[in-house]
Amino acid sequence: MKLPNFPSLPAVRGRLSSAPSTRRTSRAALATLSAVCVLALSACGGGSGGGGGFFGFAPPSGGGPAQGDNGQDGGTQPASFALSLAVEGSGDVESLDARLACGPGSCTGASADYAEGSTVTLNATPAHGFVFAGWQGTSCEGGDTRCVVTVKAAQRIAAKFTQAAPSIPAGTWLKGDTHVHDDHSSDGSAARQLNDDKGPGNTGIADQIGQGTRMGLEFMPLTDHRTYDQHYDWNWESPSLLLVRGEEANGSPHATVQGGVDSIVQGAARADRQPFTHLQQSIWDAHSQGANWTVAHPNDGETNADGSFNAYANVQGVDLVETWNGTPSPETVLADAYAEKLWNAGFRFGIAGASDSHMRELWDGEGTVYPISNPGMPATQLLSRAYNERAIVQALQRGHTSLSYDPNGPFVSIATDLRGGGYTAIGGDEVFVPAGTAGHLRIDVRRAAGLDVFVYRAPGKSAGPLKSFKPKTDAESFIVDIAAGDKPDWYRAEVRGMSTPQPWAPVSVDEVKATVSPIFVSPAPVEAKPATPIPADAGTEDGALRVAGARGGFAGFPDIAVADGALHFVAELHGASSSTVVYRQRDAKGVWRDAGRTLSGQGQARFPRVAARGNEVWVAWEEDAVQVPHRPEIKLRHSADGGANWDATVTVRAVEGRAEHPAIALSAGGKPVLAWQEIAAHQAFDIMAQEIGTDVQPRNLSAAGKVTDPGIASDTRTPRYPASVLPSVAVAADGRVAVAWQDDRSDKDPLWTGAASYGEGTTPDDWQVQVLVREAGGAWAAKPAEIGTSDRADRHPQIAFGAKGELVAVWESKELAASGRNLSVRAAVSGDGGRSFAAPVVVGADDKTMSERPRLGVDADGAVRAVWYDSRSADWRWRVMTAVFRPDSGWEPGTLLMARGNNSWPVTAGGQVAFASTRNAQRLQRDPTQQVFLLSLAKP
């Protein structure tokens, strides 16, 4: 049928929008517009912010009448009125129909026309540190963040946010360490270091955990060099010490990362960019995981021999700097100078103390504990809101730290009342007050009788102390009058005293006994002034919707599913001491049901996954409520009405060990098929799978053919427990089920690097991808197919079935080198149901770039789409890359989505892409803002 010669849709829209918004539109124009919409099979409507929809987002095709069309057919059409938004303060306001959105300084899409009588639901989300103060220009009253507006005339509605009143910091000071090694590191013990990493090991995970417990620590990471494998060891558990996930990342310079979800890979330096580019990208990668980033021993990486800065000192976003490494610490003076120079240049970070413990010979000789190289010497103490990993990581990120010679030695903290409400800011905080504001510093010291307390102010030690005190008792407080200036300033305190002579240090010297992160004071937020700046953000507006997360907070690790045109979204949302799973649903017309709801408890819920078919929706996640020891469980919730109502949470798996990282898909019969990784004492990590409602017990998919060995007591590097981790699951239209995972059983010594007589450095394991298929009849294959090669680490696999039944696998691949090598995304396709795969190909090839964490989804036309985050952008930012596989033509070259900010952890389904983004962060430092956005790649 030949279509009538209607005017173009943009032309019609322009003609309509040119008329006054309060004027009744002509019946002929509306009829023409309606005809164009129907014949084009696309949804109409949209704001004046460009392209229709919220931030220019095009609603999915096939929807019914646009919001504002009351569905009348013929007769007098209702008037159309403009509804516009504004924001006062810091927060976001959006409409559920995705046509209106406004944030501070970013009100693109803040006006749209609605038919008279339409109802529009608005939601307000305050930034962290702000509270919602109410609506203006509407009848909505009180502090309800939800407002339903009935359109009767043109309206301008403002959402008002006010800064929360300052409060006294709450929490408990916990004693710990930020930098501890065991023999999963290449040089984890003396025998390894003295024999080029080829000697036996004698410092196992259990040894360091035991010693940390004896030292009285309450938290501790094991930050092994350039590896995450220590967390795949069954010994990584303690009933008395909170273990925080950690790593000493990078080749040079070193950094410690606390709270990461996997190894932070430092890629190759590029001759066409600044020499610190790859280090900066590594920081952003860690922050995309919600992890804390600490500069390790800056005199060995960030400075030249004379103490001057090298290029690596230009990186921004550092959370902490090790100003104290080892006890006694010859590095302390130099590290202090390093930190003070950066603070004076506008950098803002706290300080960390680290034992950098490697050698048990220095702390376990014939029953005598020497005061050197013990975990907790020095100790990092932090003010934590709860006793869990999330709270500890956040305290580190905020710099709420105080360092002590040992866990029971002198202690100092600092606080100020400059912003009112009492002493509401502590070491690590930034205080923004007008010049001339008068207040006080309070310095609290414990166990410091007879020692010297010095208070320093910018520019630091070079100017001498601002004040000094000598406590007479073991618990004293000192008050110092201060006034805010018109330039950035900072204050810190330090406790010093003479050392006790020891056999290895017979001369008594003046040394640091305790020190604390500074309080930063300035009229407004400060921008760092590095010698070499980071390139300006070259990103453009992409029209993506913000769907989770508040400014100043962290949201990440999203997942989406599309069923019958409806989109189901989940993500991980971090609170002050919690991690929760949030869910949202958008219907086929592009309208969100509500602002979202929390599916998990208020504990430690992570890594959500969603699957949907029709109105059946299933969400799985891991939840670790205990943590001492870690006991994560696999949780599942079900909705039978498209996400409107939810059944109670079901615990799918709880063991005396760890059940982690669930993956989910729906079987041909609509039942959830779950896969996860699981470990218990004296066992290896294995992949478990269960079809809920069919299988009575989960099935171990990876144990067959795996050889384990407890090793010998005299060498901590001899145990053999090959790990099978990070599963992905897919279901074909004909009922086949496939599960993929990464597996290191082919490595010479899985989870280790070298043993007696061989090995050098911490090289990655020979991880390979394994895929096991269950036929439609219900029988699992006898053994998995293996993808990958012995000269590369092939990790983080994802699989999906295409429209023609092909099974597509993607993963990231890396040379077997500790650092300085780039990750690439590789893919292989099986045409025989997963029994074998064609030779791998590189997707979106660029040998100068890092390509990480691929995910797969199926577009509306049945094509398999890959998305990942990638570092090839000229402004260094991580950006989402996407490529499509078609059975007849293979992989497309790929497209880089040049949106603002660092964009990471993308997922895709039905032509939609969700990803985490820092686009609303105001500063490169000290702004943790990461939110989750949704973008349509489908053509309107």
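## A threonine tucked away

Let's start with Thr380, which you'll find in strand 17, spanning residues 379–384. Keep in mind that this is a predicted model. Thr380 has a relative accessible area of 0%, and the cut-off for buried is under 20%, so Thr380 counts as buried.

What's around Thr380? Setting aside neighbours within four places in sequence, Thr380 is in contact with a run of residues that includes Leu174, Lys175, Gly176, Asp177 and Thr178. Among its other contacts are Phe219, Ala352, Leu396 and Leu403. Gly353 is on the contact list too, and its backbone oxygen lies 2.6 Å from a polar atom of the Thr380 side chain.

## A histidine with a tyrosine partner

Next up is His568, which sits in strand 31 (residues 566–574). His568 has a relative accessible area of 1%, so it is buried as well.

The side chain of His568 makes a polar contact of 2.8 Å with the side chain of Tyr583. If you skip neighbours within four places in sequence, the residues in contact with His568 include Asp559, Ile560, Ala561, Arg584, Gln585, Val610 and Gly642.

## Salt bridges across the chain

Now for the charged residues. Side chains of opposite charge can pair when their charged atoms come close. This structure holds 43 salt bridges, and here are a few of them.

One of them joins the side chains of Arg360 and Asp207, at 3.2 Å from N to O. Arg360 is in the loop between strand 16 (350–354) and strand 17, while Asp207 is in helix 4 (residues 205–214), so this pair ties together parts that are 153 residues apart in sequence. Are these two buried or partly exposed? Arg360 counts as buried because its relative accessibility is 19%, whereas Asp207, at 23%, counts as partly exposed.

Another salt bridge pairs Arg853 with Asp262, at 3.4 Å from N to O. Here the pair links distant parts of the chain, 591 residues apart: Arg853 is in strand 50 (residues 851–858), and Asp262 is in the loop between strand 13 (255–258) and helix 5 (277–288). Both Arg853 and Asp262 are buried.

## A local pair and a network

Lys635 and Glu633 also meet through their side chains in a salt bridge, at 3.0 Å from N to O. Lys635 is buried, with 13% relative accessibility, but Glu633 is partly exposed at 24%.

Salt bridges can share partners, too: Asp336, Glu340, Lys461, Arg492, Glu494, Arg496 and Asp510 are joined into one network that way.

Technical notes. Residues are numbered from 1 along each chain as its sequence is written. This is a predicted model: local features need pLDDT of at least 70, side-chain atom pairs count only at pLDDT 80 or more; totals for chains, interfaces and linings use all residues. Side-chain values use heavy atoms; hydrogens and water are left out. Helices (H or I, at least four residues) and strands (E, at least two) are DSSP runs, numbered from the N terminus. Buried means under 20% relative accessible area, exposed over 50%, partly exposed in between (1.4 Å probe, protein chains only). A polar contact is a pair of N or O atoms within 3.5 Å; within protein, one must be able to donate a hydrogen and the other to accept it, and residues adjacent in sequence count only if both atoms are side-chain atoms. Contact means heavy atoms within 4.5 Å. A salt bridge is a side-chain nitrogen of Lys or Arg within 4 Å of a carboxyl oxygen of Asp or Glu.
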